[in-house]
Amino acid sequence: MTEFTVHLSNRPGQFAALAGKLASAGIHIEALALFSHGEDSMARLMANDVNVTRRVLTDAGVQFEEQRVVETVIKDEPHALADMTKKLADSGVNIEAMYLLHANGDSLHFAVAVDDHAIAATHLQG
């Protein structure tokens, strides 16, 4: 999966306009976090079609970055998340963003954006 970090102005309608452009291109947003601070907003999202999402963002003239994320599934039990994140920390990997994609009562499916994809992938199973 690929995470897009999109920079927007913190004004009404900015994300609505972007969401409309993505929807018009047939993009389904699979994970999303939206933050604002002062005059700026940041949307971090994953979508079903990386190439079309990239084209829509480029055509919209918005500033964005993209990075691969590592997917992993852990048991839905106490300490599982702490254990998973400690594995990354102990290996020197910094978590930049984390998304809970699905939960079914037995397991939790995460997408994790990290500063070192290769090392993280060796410590996490998807």
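Biologist: Which residues are exposed on the other side of α2?

Modeller: Happy to start there, with the reminder that this is a predicted model. The buried residues of α2 are Val-52, Thr-53, Val-56 and Leu-57. Seen down the axis, they fall within an arc of 135 degrees, so they line one face of the helix. On the other side of α2, the exposed residues are Asn-51 and Asp-59.

Biologist: Let's move to α1. Within what arc do its buried residues fall?

Modeller: Helix α1 spans residues 14–24, and Phe-15, Leu-18 and Leu-22 are buried in it. An α-helix has 3.6 residues a turn, so residues three or four places apart point the same way. Seen down the axis of α1, the buried residues line one face, because they fall within an arc of 65 degrees.

Biologist: How about α3: on which side of the helix are its buried residues, the same or opposite sides?

Modeller: Helix α3 runs over residues 80–90, with Ala-80, Met-84 and Leu-88 buried. Because they cover an arc of only 75 degrees around the axis, they are on the same side of α3.

Biologist: Which exposed residues does the face turned away from that buried side carry?

Modeller: The buried side of α3 holds Ala-80, Met-84 and Leu-88, and what covers them includes β5 (70–75), β6 (95–103), β7 (107–114) and α4 (117–123). The face turned away carries the exposed residues Ala-89 and Asp-90.

Biologist: Is the aromatic pair stacked, edge-to-face or tilted?

Modeller: The structure holds one aromatic pair. The rings of Phe-4 and Phe-64 have their centres 6.0 Å apart and their planes at 55 degrees. Planes under 30 degrees apart would count as stacked and over 60 as edge-to-face, so the pair of Phe-4 and Phe-64 is tilted.

Biologist: How many residues apart are the two partners?

Modeller: Phe-4, which counts as buried at 1% relative accessibility, sits in strand β1 (residues 2–9). Phe-64 lies in strand β4 (residues 63–68). The pair links distant parts of the chain, with a separation of 60 residues.

Biologist: Stepping back, what pattern does the chain follow along the sequence?

Modeller: The secondary structure comes to four helices and seven strands. Read along the sequence, they give the pattern β-α-β-β-α-β-β-α-β-β-α.

Biologist: Finally, what share of the residues in the chain is buried?

Modeller: The C-alpha trace spans about 40 × 30 × 25 Å along its principal axes, and the chain exposes about 7300 Å². A residue counts as buried at under 20% relative accessible area. Of the 126 residues in the chain, the buried ones make up 35%.

Technical notes: Residues are numbered from 1 along each chain as its sequence is written. This is a predicted model: local features need pLDDT of at least 70, side-chain atom pairs count only at pLDDT 80 or more; totals for chains, interfaces and linings use all residues. Side-chain values use heavy atoms; hydrogens and water are left out. Buried means under 20% relative accessible area, exposed over 50%, partly exposed in between (1.4 Å probe, protein chains only). Helices (H or I, at least four residues) and strands (E, at least two) are DSSP runs, numbered from the N terminus. The arc is that of the directions from the helix axis to the C-beta atoms. Contact means heavy atoms within 4.5 Å. Rings of Phe, Tyr and Trp (its six-membered ring) pair if their centres lie within 6.5 Å; planes under 30 degrees apart count as stacked, over 60 as edge-to-face and the rest as tilted. Accessible areas come from the Shrake-Rupley method with a 1.4 Å probe; for residues, only the protein chains shown count as cover.
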